[in-house]
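Here is a short report on one protein model.

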Amino acid sequence: MSNTSTTSALAPKGPQYPEQVTGMYILAKALKNIGIDVIYGLVGIPVTEVAYMAQKEGIRFVGFRHEQQAGMAAATHGYLTKKPGVLLTVSSLGFMNGLTATTNATVNCYPMIQISGSSVREPIDLEQGTYEGLDQLNVAKGLVKAAYRVNKPEDIPTAVVRAYRAAISGRPGGVYLDVTEPCLGAVMDKADADKLFFEPVDLCPSVIPSDESVSRAVEMLASAKRPAILLGKGAAYAQVDDKIKQLIETTGIPFYPMSMAKGLMPDNHPLSALSCRSTIMEEADVVMLIGARLNWLLSRGHGKWNPAGKFIQLEIDPEEIDCNRPIAAPVVGDIESSLDAILSKIQGHKFAMDPTWVPSLQAQTKEKNAKFMERLAPQTVPMTHWSALSAVKKVLESHPDVILVNEGANTLDDTRDAVDMFLPRHRIDCATWAIMGMGMGSTVGAAVATGKSVVAVEGDSAFGFSGMDFSTICRFNLPCTVVIFNNGGIYNGIGVNPSGNGDPAPTTLDVKARYDKLGEAFGAQTCYVTTPDELQKALTEAIASKKPALIDVQLAADSGKESGHIGYLNPASLIDFTV
Ligand code: ADP
Ligand code: MG
């Protein structure tokens with residue numbers, strides 16, 4: 001008897017069994033079908049195979065050590081690419097860890113989709129106690145832009161398209177997609193499953209502003225004596241860099257960038273009013289907000305702002321208008337459509353700008369910048385934030401294409417002020433909520449989304465929130481350098497515990513900690529530096545290597561003040577914590 005006949009004798013008789021697939025296959029394929037090429041996440045029951053399926057479909061899976069950081073990566077990916085970043089989490093705690101980042105993305109208008117596995121519905125609804133049982137959809141609902149649950153494998157492609165549309169259309173944000181364990185594990189014939197996919201048409205439709213709103217805005221801008229353009233991260237997100245440049249350069253109106261809009265126009269551009277924030281607030285008579293909200297970061301339109309000043313606002317979300325201060329000329333539309341309309345209307349318009357306005361801002365800029373450079377001049381050792389930043393500034397400004405991720409208190413405020421940016425979307429920080437704990441996630445997301453080198457400048461406290469995910473940078477061999485400014489504490493390392501019981505003060509961390517050793521554990525290049533010269537050399541070499549690197553920057557424990565630039569937000573205090 002030949003081998004062939006033996007095989008055929010063992011083969012099942014009767015009809016051919018059709019190939020079968022699970023909901024996990026359909027989910028991976030639906031994501032691929034809509035153009036998702038990276039998923040960030042952390043696997044376990046019930047989503048492990050989703051990640052394997054994604055890899056099989058040619059989607060990159062970037063696995064993290066903590067879901068919050070995977071979510072920060074997805075959010076940054078969304079911000080930089082204008083396509084939703086995708087986060088995959090397990091049920092209960094994994095879901096909740098990730099939800100923090102999805103909520104933060106929603107606050108910041110970054111498009112992302114958190115897909116989480118969830119346990120069987122029935123025992124959750126009857127509160128009978130089940131493995132990782134949590135009513136995740138209802139937990140997510142109040143915290144994200146949109147939330148959906150999918151229960152049947154046949155509905156997965158529709159659910160993915162809905163989540164995608166919700167994340168990027170209108171004001172972008174975080175979307176939650178709950179996929180139940182039975183749905184993930186459901187089995188279907190592959191031939192039937194493959195018929196479910198469809199090509200969605202016009203995934204992010206333009207929002208065209210009304211002609212009347214554009215005329216009103218142009219009239220107001222043209223009649224201003226001391227106009228200013230305020231650029232926010234919505235303007236950077238919109239990826240209309242040439243149109244923004246055209247508006248500013250054809251009108252000659254000075255601009256002020258919010259933190260993450262730095263570099264949208266070069267910080268050293270002759271029309272940059274970056275160093276004249278107070279003057280813009282106090283003296284401008286018309287301010288055009290482009291993709292920026294008049295929230296707490298702009299004193300909600302009050303405080304120093306000229307009470308007689310008028311605002312024009314280019315904004316996609318009509319509900320944002322008037323939310324803090326009356327907007328004289330709202331232009332509701334997507335920034336690209338609004339700028340197109342404004343640029344075509346502006347042609348031939350006469351502008352009434354006071355000819356002394358720009359020169360006076362330029363003179364002020366020169367004076368303020370010279371004064372600022374005095375802070376950076378002393379090469380103080382042990383290093384202060386400023387002496388360390390004098391080195392970081394030199395290196396980063398000679399590598400403008402490196403993306404800068406930045407978080408901390410003083411480390412955030414001082415780095416933002418010290419390091420000029422020259423290219424759009426090259427600065428990512430803790431943004432609207434001013435949170436800590438986005439560092440390693442955003443660093444990975446920025447490197448993966450763009451393929452560029454990234455430098456994260458982190459306070460020692462800020463690094464603590466996400467430090468373990470430095471190992472993710474190493475496992476994926478990303479061209480990222482993490483620079484830790486160690487002053488040994490939250491704000492600084494000189495807090496004193498008033499009880500005298502020997503415990504550290506609430507703000508005290510470890511000024512002697514050797515974070516470089518932590519980098520060594522994961523095979524990164526590491527360096528411990530104590531002078532600005534050493535820091536300059538180490539950072540230059542780390543960037544040139546295009547490999548994972550960690551630089552521990554030893555600061556003096558007394559460098560840095562409580563809450564950095566926003567100490568005024570603390571409730572009134574009667575204690576000096578440092579004596
Ligand atoms: P910043 O913190 O830099 O001031 P915000 O996040 O406060 O920036 O504001 C960004 C604004 O941009 C949000 O109100 C958001 O709705 C808006 N926005 C985002 N994308 C677009 C777009 N494509 N077109 C118009 N507005 C947008
Ligand atoms: Mg610190």
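## The magnesium site

Along the chain, the donors of the magnesium ion (ligand 2) follow the spacing D-x26-N-x1-G. Asp460 sits in helix H20 (residues 460-466), and Gly489 lies in the loop between strand E17 (480-486) and helix H22 (515-521). The two are 29 residues apart, so this pair links distant parts of the chain. The model is predicted. Which atoms coordinate the magnesium ion (ligand 2)? They are OD of Asp460, OD1 of Asn487 and O of Gly489, at 2.0 to 2.2 Å.

## The six-stranded sheet

Strand E17 also belongs to an open sheet of six strands. The order is E15-E14-E16-E17-E19-E18, and the pairing is parallel. Strand E15 (427-429) and strand E18 (525-529) are the edge strands, and each pairs on one side only. On average, neighbouring strands of this sheet are turned by 15° against each other, direction ignored.

Six bridges join E17 to strand E19 (residues 549-554), in the parallel sense. Within this pairing, Thr481 stands opposite Ala549 in E19.

Helix H19 (residues 439-450) packs on the sheet and touches E14, E15, E16 and E17. Its direction makes about 170° with that of E16. Helix H18 (residues 410-418) lies across strand E14 (403-407), E15, strand E16 (454-459) and E17. H18 runs at about 145° to E14.

## The five-stranded sheet

Another open sheet has five strands, in the order E10-E9-E11-E12-E13. Here, too, the pairing is parallel. Strand E10 (255-257) and strand E13 (329-332) stand at the edges. Each has a single partner strand, so one side of each is left without a neighbour in the sheet. Neighbouring strands are turned by 15° against each other on average, direction ignored.

Strand E12 (residues 310-315) is joined to E13 by four bridges, and the two run parallel. Leu314 stands opposite Val331 in E13. Helix H13 (residues 241-251) lies across strand E9 (227-231), E10 and strand E11 (286-290). The helix runs at about 165° to E9.

| Helix | Reference strand | Angle |
|---|---|---|
| H13 (residues 241-251) | E9 | about 165° |
| H18 (residues 410-418) | E14 | about 145° |
| H19 (residues 439-450) | E16 | about 170° |

## A pocket

What is the volume of the second largest pocket? It is about 200 Å³. The lining has 13 residues. Tyr491, Glu562, Ile575, Phe577 and Thr578 lie nearest the centre of the pocket. By class, the lining has five nonpolar, six polar and two charged residues.

## Backbone details

Most residues other than glycine have a negative phi, and most peptide bonds are trans.

The peptide bond from Ile45 to Pro46 is cis, with omega near 5°. Pro46 is placed in the loop between strand E2 (38-41) and helix H3 (48-56). Val381 and Pro382 are also joined by a cis peptide bond, with omega about -5°. Pro382 lies in the loop between helix H16 (357-376) and helix H17 (385-397).

Lys82 is not a glycine, yet it has a positive phi of about 65°. Lys82 is found in the loop between helix H4 (67-81) and strand E4 (85-89).

Technical notes
Residues numbered from 1 in each chain as written. Chains lettered and ligands numbered in written order. Predicted model: local features only at pLDDT ≥ 70, side-chain atom pairs only at ≥ 80, totals over all residues. Heavy atoms only, no water. Pairing = 2+ DSSP bridges. Axes fitted to C-alpha atoms, helices over the stretch in contact; angles between N-to-C directions. Contact = heavy atoms within 4.5 Å. 1 Å grid on protein atoms, 1.4 Å probe; cavity = no way out; pocket = protein on both sides within 12 Å on 5 of 7 lines; lining within 4 Å. Points joined across faces, edges and corners; volume = space filled by probe spheres on them. Nonpolar A, V, L, I, M, F, W, Y, C, P; charged D, E, K, R; others polar. Donors = N, O, S within 2.8 Å, 3.2 Å for Na, K, Ca; no water.
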